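Work through the exercises below with the model open beside you. Try each task before you read its solution.

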Amino acid sequence: MSRTRIQWFHFTAPANFYDLAGRLIPAFALLSVILFAMGLYLGLWVAPPDYQQGDSYRIIYIHVPVAWMSMFLYVLMAIYAGIGLIWRIKMAEVMAKSIAPTGALFTFLALWTGALWGRPTWGVYWVWDARLTSELILLFLFLGYMALHAAIEDRQRAANASAVLALVGVVNVPIIYFSVQWWNTLHQGASITVTQAPTMATIMWVTILIMFLACWMYSIAVVLARARTEILERERRARWVQERLESEKP
Amino acid sequence: MTEFLAMGGYWPWVWGSYAMMAGVTAVEIAQLRFRRRRLWQWLQRMARLSRQEER
């Protein structure tokens, strides 16, 4: 039996995390490019038009993955923020802070693509529907988290205050997810769930899953890249940063 | 090809969605690269200055 164990705490040291992230980013970026190419090819060329919505439904291939990502990234950000708040692990704070801009970006994209899909199908870009409104609140939570971080000069106080906001805001995620069941909304219910078979053609849900994986790979690559820059800023006086400055390119 | 681009008459909404996705991800990547490069140059300048002071 192998006695090799992964030393997880080894990577909570900034220098080790920095090196590991540097090695992982190209792999995740490449996977993201391949999966996006596959997803776009299947979604725009191979999948047939919808029998009711025609080609307008093709927005689903980005709308659903980015909407899922917005919720997943918020929960992940809150978990990291909570770990940073409770156990004072600096790398958890760095990760939470690095996730926020990408989470905000995906939330904005979910709202944007939803609005553009709403116009041909509902006849309006926006309604104050429970799903749309709770997703908009998610965007404000991401922006609020980033604004709070930027507004407080002391790094530890900024991390603590924004972590509390992130944790309180988690309550909004189940509200977004179940809003279509709890309230009578214009937004349709879930087409793909963990407990039931998808209610759409195989090519459609497979493409959605591929695009979702592509978004995950993209998110991991950009969050790790942002975390590396954040580490460099925080650890700029450390000896290992000086060593990397001599041996690496920007 | 024209038929593909027309998206059954829904091109402004379909391409508007895909273009925004491409645009914001491109901006995010560019911003990350710019921030890292600027920080790197600043750190190198600081390291050079501290070496000069040591001499």
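**Exercise 1: A cavity**

Task: find how much space lies in the largest cavity, and which residues line it.

Solution. This is a predicted model. Start with the volume: the largest cavity holds about 40 Å³ of space. A search of the whole structure finds one cavity of 30 Å³ or more. Next, list the lining. Among its residues are Ala81(A), Gly84(A), Glu93(A), Tyr145(A), His149(A) and Ser162(A). Now place them on elements. In chain A, H2, H3, helix H4 (130-151) and helix H5 (155-169) each give at least two residues to this lining. Last, sort by class: six residues are nonpolar, three polar and one charged.

**Exercise 2: Where the chains meet**

Task: describe the contact of chain A and chain B by residues and by buried area.

Solution. Count residues first. Chain A brings 44 and chain B brings 29. Then take the area: the two chains bury about 3300 Å² between them, with 73% of it on carbon and sulfur atoms. On the chain A side, Leu44(A), Leu245(A) and Pro250(A) lose the most area to chain B, together 18% of what that side buries.

**Exercise 3: Polar and charged links**

Task: how many salt bridges join chain A and chain B?

Solution. The count is four. Take one of them: Arg35(B) pairs with Glu230(A). Their closest N and O atoms are 3.2 Å apart, and the cut-off is 4 Å. Nine residue pairs are in polar contact across the interface. Finish with the classes on the side of chain A that touches chain B: 25 nonpolar, seven polar and 12 charged residues.

Terms used. Residues numbered from 1 in each chain as written. Chains lettered and ligands numbered in written order. Predicted model: local features only at pLDDT ≥ 70, side-chain atom pairs only at ≥ 80, totals over all residues. Heavy atoms only, no water. Contact = heavy atoms within 4.5 Å. Buried area = accessible area lost by both parts, 1.4 Å probe. Salt bridge = Lys/Arg side-chain N within 4 Å of Asp/Glu carboxyl O. Polar contact = N/O pair within 3.5 Å; in protein donor to acceptor, adjacent residues only side chain to side chain. Nonpolar A, V, L, I, M, F, W, Y, C, P; charged D, E, K, R; others polar. 1 Å grid on protein atoms, 1.4 Å probe; cavity = no way out; pocket = protein on both sides within 12 Å on 5 of 7 lines; lining within 4 Å. Points joined across faces, edges and corners; volume = space filled by probe spheres on them. Helix = DSSP H or I, 4+ residues; strand = E, 2+ residues; numbered from the N terminus.
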